[in-house]
Amino acid sequence: MTVSRATRDRVVQHAGALSTAAVRQLEVDLEWYRSLSAADRSWIGLVAQAGVAAFVGWLRDTGGRGQGPDQQVTAEIFGSAPRELTWSVSLGQTLDIVRSVVDVVEAEVLKLASPGDEAALREAVLRYSREVAFSAAEVYAGAAEARGAWDARLEALVVDAVVRAEADDSMQSRATALGWGSVASVTVVAGSTPPGSTAAAVDAMRRAVTRLGATALAAVQRRRLVVVLGGTSEALKVVTAIADLFGDGPIVLGPTVPHLFAAGRSARAALSGLAAAPAWPSAPRPVLSDELLPERVLNGDTAATRVLVDRVHHPLEAHPALLTTATTYLETGCSLEATARTLFVHPNTVRYRLGRIAEVTGYDLGHPREAHTVAIALAVGRLTEPPPVEWRAGAPTRTRRIPPEPA
């Protein structure tokens, strides 16, 4: 159906009044529009006016025939506003604008229709409004894609800063832009990268964590996938649920820290554990970095060495009987009777001391894995303690242990 020339001419003559009525109706219909800043309301007014002007031009040139206006023409409607407007006005709100403007235009132009043109003019309005809605969706899709790419770059930079323990102002601003300025209970997780697209792996990880009620930043760094979990005090439970999204091999969790800007400590522990995990083939998946302290010590992690010495060697050093019992028990192959004979004590005394060792250190020597941990702790504790002091002629002198020369 074609709109007559007389009707088209009248619509063209009243284009200004149509634009004014459309903008006025936005104030009446949309409460959120009234709460916007003056600048944003001005930009939306320009968009509404551009939409009415484009409709009038399309109707004048085509008579409302065909499948609708050219997509490029309708896309130019939104070109009058800055891209930043999509950040303060959602797609749903944009469609509210389109609906309100279309209602006004439809009501007003029908008053200008010549007898018999009403149906054709109404059809032209509906066809045009459909194309405008599609154009709005296209604009928002493009904005979302650009914003997603920008967010992905920011996310990778924040994860890299966490790994490097660079909690500076730039990291803070980037984290705030990603909505991580106030996220608490942060845990860094490290594992291998799954096969396939790295972008798809990161997206899948982020969606899965969100479904579990937490939030995540993720980045692929060569062959490892580093995930920063936030907003959960049950990181192990969350990671267990998403373990299949990592590649093959160990998955290591660092300690949970209060906020993102302290996450460097968690990242160091997780990455150290990931490097040392092959030394414990039967380690659980996922595994806490604390459970890998012996392997991390053997792999040269000085922070793990300090933790293990402070946790095991120093407390036992303060109780010489417990230190002697632990050393003897480990040297005799964890034999209760052999330990008792060596120390000339009753086996029940050994049992009591083993219970006290568990209380003091948190490690049960009756468990093979925990006995191994204590053995490593005592060994590195002896290596880090000061050289023995010998008293000669009433004055203390330190003697150095000089290793034999190689043969």
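Started with a salt bridge: the side chains of Glu 295 and Arg 369 meet, N to O, at 3D distance 2.7 Å. For this I take a salt bridge to be a side-chain nitrogen of Lys or Arg within 4 Å of a carboxyl oxygen of Asp or Glu. The pair links distant parts of the chain, with Glu 295 in helix H13 (residues 293–298) and Arg 369 in helix H18 (residues 368–384), 74 residues apart. Helices here are DSSP runs (H or I, at least four residues), strands are E runs of at least two, and both are numbered from the N terminus.

A note on the source before going on. This is a predicted model, where local features need pLDDT of at least 70 and side-chain atom pairs count only at pLDDT 80 or more, while totals for chains, interfaces and linings use all residues. Residues are numbered from 1 along each chain as its sequence is written, and side-chain values use heavy atoms, with hydrogens and water left out.

Are the two partners buried or exposed? Glu 295 is buried, at 4% relative accessible area, and Arg 369 is buried too, at 17%. My cut-offs: buried is under 20% relative accessible area, exposed is over 50%, and partly exposed is in between (1.4 Å probe, protein chains only).

Next I asked how many salt bridges a search of the whole structure finds. It finds seven. One of my entries is Arg 206 with Glu 155, whose closest N and O atoms are 2.7 Å apart. Here again distant parts of the chain are linked: Arg 206 sits in helix H10 (residues 198–211) and Glu 155 in helix H8 (residues 118–164), 51 residues apart. Glu 155 counts as buried at 5% relative accessibility, whereas Arg 206 counts as partly exposed at 26%.

Asp 203 and Arg 206 are three residues apart in helix H10, so about one helical turn separates them. Asp 203 is partly exposed, with 31% relative accessible area.

Then the helix pair. The axes of H14 (residues 302–317) and H17 (residues 347–361) come within 9 Å and cross at roughly 125°. That makes H14 oblique to H17. Axes are lines fitted to C-alpha atoms, for helices over the stretch in contact, and angles run from 0 to 180 degrees between N-to-C directions. Under 35 degrees counts as roughly parallel, over 145 as roughly antiparallel, 65 to 115 as roughly perpendicular, and the rest as oblique.

Which residues meet? Arg 311, Val 312, Pro 315 and Leu 316 in H14 meet Ile 357, Val 360 and Thr 361 in H17, contact being heavy atoms within 4.5 Å. The contact residues divide into five nonpolar, one polar and one charged.

Also in H14 is Arg 306, which counts as exposed at 52% relative accessibility. I checked its C-alpha against that of Ala 377, 71 residues along the chain, and the separation is 9.4 Å.

Last, the totals. I noted 18 helices and eight strands in the protein. Buried residues make up 43% of the 407 residues.

Notes:
Ala, Val, Leu, Ile, Met, Phe, Trp, Tyr, Cys and Pro count as nonpolar, Asp, Glu, Lys and Arg as charged, and the others, Gly among them, as polar.
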